[in-house]
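Look at the model first.

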Amino acid sequence: MLNQVYRLVSPRQIETQTVNENLGTDDIIVRPTYLSVCHADQRYFTGQRPPQVLSKKLPMALIHEAIGTVVRDPQGIFKVGDTVAMIPDTPFEKDPIIRENYLPTTKFRSSGYDGFMQEYVYLRRDRAVKVPDDFNLEMSAFLEMVSVGVRALMQLKETMDADDQSLGIWGDGNLGYITAVLAKSIFPDTKLYIFGRHQEKLAYFSFADETYVVDSIPDDLTISQAIECTGGAGSAIAIDQIINHIKPMGTAILMGVTEEPVDINTRDVLAKGLILQGTSRSGREDFEKAIEILSASPEAQSYLQNLIGITKTVTTIPEIIDFFDMDLANSWGKAVMHWKV
Amino acid sequence: MIYAQILAGGKGTRMGNVKMPKQFLSLADKPILIHTVEKFVLENRFDAILVVCPSDWVSHTQTLIDRYIADERVKVVVGGSERNETLMKGIEYIQDNFGLNDDDIVVTHDAVRPFITERIISDNIEAALKNKAVDTVIPAIDTIVQGENEEVEDIPVRDKMYQGQTPQSFNIKALMSAYNQLTEDQKAILSDSAKICLLAGEKVKMVRGESFNFKITTPYDLKMANALVEIGE
């Protein structure tokens with residue numbers, strides 16, 4: 001079939017490309033419906049990635065957070081009309097130790113491979129996860145980011161020592177908020193502290209036990225475990241504060257993406273016996289776990305619905321570009337496009 | 001009920017010396033017609049999808065449909081000698097095989113416009129459910145000049161000029177009523193189905209097309225179409 005793929009060809013310039021697609025025996029066809037913009041998409045859209053990265057990866061369709069409607073399943077396992085979350089990573093091998101999202105051979109959409117800004121997505125069937133009928137569709141658009149939060153918390157659970165008294169999350173943005181909402185479900189008895197730069201954003205974390213603006217953290221505050229969700233220029237300060245406030249032998253999960261290398265106070269990492277562990281992306285089991293957690297907690301669903309920042313129906317390429325610009329000017333929440341292009 | 005009608009009645013006279021009608025020529029390793037039908041079968045709201053073709057090409061068309069399209073909704077129907085007769089042959093088939101209800105609509109599309117998108121089909125269905133007739137258009141880029149005998153008669157304001165594409169979609173009963181009001185001469189010369197409704201005094205709603213939803217008519221068009229398509233992984 002002749003499919004239209006909407007690709008970023010250079011910063012702020014999107015063009016359509018016709019791609020002749022063939023349905024493989026393991027594929028289904030999905031019509032994308034709700035697409036959520038990630039900071040990683042914005043770094044391509046605005047041209048903040050290094051020029052050599054841009055020239056290697058573009059042209060490329062953006063967006064790796066999306067749901068859609070199944071329009072064709074040759075095996076009849078999915079029903080036509082089913083809403084599915086689309087998993088952006090596509091693994092090509094199985095490893096007994098390395099998870100699918102860390103395998104170097106795995107292709108990741110909107111990072112070297114076409115993302116979900118397409119007329120139809122030809123999707124390997126194991127890359128689709130059914131979304132329950134009662135889920136809010138705009139919230140479901142960013143289930144991928146929820147699954148990334150799940151992955152971080154699962155890794156923390158596997159790695160950390162027995163001290164689950166308190167968890168500190170650095171970052172008051174989208175990822176910090178999602179991870180904090182999930183932490184309440186995964187670690188219900190653990191005190192949850194949020195550290196952020198913006199008092200107005202910290203106000204959204206009403207479910208946390210305490211929130212702190214990062215320039216006024218009490219010196220004597222200690223936390224058992226930590227998650228860093230800042231990224232960018234904020235990463236260095238956040239990692240330093242975590243090292244200062246975390247108890248000996250604590251685990252810090254690093255999630256924020258930085259373009260530049262970050263200095264780390266290794267003297268204290270060594271002295272305290274800390275574990276710093278990176279996480280990135282997620283796999284199928286994290287999507288399934290995310291849906292399981294949200295299905296069991298209408299409260300978590302309602303908190304995540306508070307994260308729906310801006311929404312708009314887009315039907316043309318200029319409207320897509322306007323939407324990315326609107327997202328850049330928006331201070332809180334996820335930007336979700338109702339995809340009718 | 002919602003029907004699609006793919007008009008594959010063309011004989012390919014503008015394509016030069018090729019013997020095969022243009023809808024059967026190959027684009028990205030598949031007949032153009034098949035690319036078009038593939039897009040329509042992904043729309044779940046269609047109750048039946050008719051492919052209306054010249055009588056000599058029915059067997060060939062049926063063979064292609066059987067080979068490439070696994071969808072029971074697709075029916076091959078014999079067309080007429082010119083465009084509007086072909087259109088009405090499809091309507092007759094619907095009437096004879098499914099019956100007609102007041103709110104039944106048909107989305108008609110040229111077989112040789114394979115770059116049709118989900119959005120255009122969906123907009124046509126939604127507009128046809130609310131209006132008697134729907135035309136797919138794009139704003140004219142070139143200035144349109146009206147003339148006769150090598151002389152310019154008029155240069156209409158470009159902002160009001162559009163280029164007509166397909167789909168053209170209709171409430172079926174309204175289309176039949178409008179068609180029956182035409183004289184035999186009008187039936188013979190009308191090259192545009194939306195005009196049938198205009199002549200009968202019906203309003204025709206415009207839906208936005210796409211510049212790439214062009215009609216493959218000449219060898220140049222076919223070359224351009226092949227150049228536009230990237231082969232998927």
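Helix axes are lines fitted to C-alpha atoms over the stretch in contact, and angles run from 0 to 180 degrees between N-to-C directions. The model is predicted.

**Helix pair**

In chain A, helix α4 spans residues 143–159 and helix α5 spans residues 174–186. They pack at an angle of about 55°, with their axes 9 Å apart. That angle makes α4(A) oblique to α5(A). The crossing of α4(A) and α5(A) is right-handed.

Which residues make the contact? The α4(A) side uses A:M145, A:V146, A:V148, A:G149, A:V150, A:L153, A:M154 and A:K157. The α5(A) side uses A:N174, A:L175, A:I178, A:T179, A:L182, A:A183 and A:I186. The classes in the contact of α4(A) with α5(A) are tabulated here.

| Class | Residues in the contact |
|---|---|
| Nonpolar | eleven residues |
| Polar | three residues |
| Charged | one residue |

**Annotated domain**

An unreviewed UniProt entry places the feature "domain: Glucose dehydrogenase C-terminal" at residues 143–309 of chain A. The span is 44% helix and 17% strand. Its end C-alpha atoms lie 15 Å apart.

**Chain interface**

How many residues of chain B are in contact with chain A? The count is 24 residues of chain B, against 22 residues of chain A. An interface's size is often given as the accessible area lost when the parts come together. Chain B and chain A bury about 2000 Å² between them. Of that area, 51% is on carbon and sulfur atoms. In chain B, the residues that lose the most area to chain A are B:L42, B:E118 and B:E230. Together they account for 31% of what that side buries.

Conventions. Residues numbered from 1 in each chain as written. Chains lettered and ligands numbered in written order. Predicted model: local features only at pLDDT ≥ 70, side-chain atom pairs only at ≥ 80, totals over all residues. Heavy atoms only, no water. Helix = DSSP H or I, 4+ residues; strand = E, 2+ residues; numbered from the N terminus. Parallel < 35°, antiparallel > 145°, perpendicular 65-115°, else oblique. Left-handed = near helix turned anticlockwise from the far one by under 90°. Contact = heavy atoms within 4.5 Å. Nonpolar A, V, L, I, M, F, W, Y, C, P; charged D, E, K, R; others polar. UniProt positions renumbered as here; feature names shortened; annotations may be inferred. Buried area = accessible area lost by both parts, 1.4 Å probe.
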